[in-house]
Amino acid sequence: MDVMSALFDPELGSTSFTVERITYTRGREGTTSRSVTEQARGCIHPGTAETLKLLPEEERQEACVVIYTDYPLSTGTPEDAGASFTGADRIHWNGQTWRVVKVRDWSAFGYVQAYAVLLQETN
């Protein structure tokens, strides 16, 4: 089976979504951030109870999705990586924002599998 055709098949749940990647840069005046958004496409499915067990304990929430896409999603880079680092990708889909908490790199097969949790709105 061709994985790429499955990723983009609407009958299998293919949808478009926006990926927001925030880069933080340290400077003398403090830390600044810059956000870049890009369109992506793939299959997004609700997470199951088994899916939640795969997440770090602090990330286990009832609202979880699994994303299959050819877009190189990221959980971010460590803050001690240098003067610049990135936060976890944010997925804007279906009127909600999800934060990527785990990525399984299957790029040898043409896709990544990512787990994302729903971001709670704060006022």
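His45 stands opposite Val66 in strand E3, and that pair is my way into the sheet. Before going on, this is a predicted model, in which local features need pLDDT of at least 70, side-chain atom pairs count only at pLDDT 80 or more, and totals for chains, interfaces and linings use all residues. Residues are numbered from 1 along each chain as its sequence is written, and side-chain values use heavy atoms, with hydrogens and water left out.

Strands here are DSSP runs of E with at least two residues, numbered from the N terminus. Two of them pair if DSSP finds at least two bridges between them. E2, residues 30-46, is joined to E3 by five bridges, and the two run antiparallel. E3, residues 64-69, is also joined to E7 by six bridges, again antiparallel. On that side, Cys64 stands opposite Val117 in E7.

How much of E3 is covered? Five of its six residues are buried, where buried means under 20% relative accessible area, exposed means over 50%, and partly exposed is in between, with a 1.4 Å probe and protein chains only. Cys64 is buried at a relative accessible area of 5%, and Cys43 is buried with 5% as well. The structure holds zero disulfides, a disulfide being a pair of cysteine sulfur atoms within 2.5 Å.

Next, the hairpins. E5, residues 90-93, and E6, residues 96-106, run antiparallel and are joined by four bridges. His92 has Thr97 in E6 as its bridge partner. Two residues sit between these strands, and Asn94 in this hairpin takes a positive phi near 60°. E6 then pairs with E7, residues 111-118, in the antiparallel sense over eight bridges. Arg104 has Gln113 in E7 as its bridge partner. This second hairpin has four residues between the strands, and Gly110 takes a positive phi near 95°.

Now the core. In soluble globular proteins, nonpolar side chains tend to be buried together. A nonpolar core here is a set of buried Ala, Val, Leu, Ile, Met, Phe, Trp, Tyr and Cys residues joined through side-chain atoms within 4.5 Å. The largest one has 16 residues, of which Phe17, Ile67, Leu73 and Ile91 touch the most other members. E1, E2, E3, E5, E6 and E7 each supply at least two residues of this core. The largest share, four residues, comes from E7.

Take Leu73. Contact means heavy atoms within 4.5 Å. Leaving aside neighbours within four places in sequence, Leu73 is in contact with residues including Val19, Ile67, Ile91, Val112 and Asp89.

Where does Asp89 lie? Asp89 is in the loop between E4, residues 84-86, and E5. Asp89 counts as buried because its relative accessibility is 0%. Its side chain reaches the backbone nitrogen of Ser74 at 2.8 Å; that is a polar contact, meaning N or O atoms within 3.5 Å, where within protein one must be able to donate a hydrogen and the other to accept it, and residues adjacent in sequence count only if both atoms are side-chain atoms.

Asp89 also forms a salt bridge with Arg21, the closest N and O atoms being 2.7 Å apart. The pair links distant parts of the chain, 68 residues apart, with Arg21 in strand E1. The rule asks for a side-chain nitrogen of Lys or Arg within 4 Å of a carboxyl oxygen of Asp or Glu, and the count comes to one salt bridge. Arg21 counts as partly exposed because its relative accessibility is 25%.
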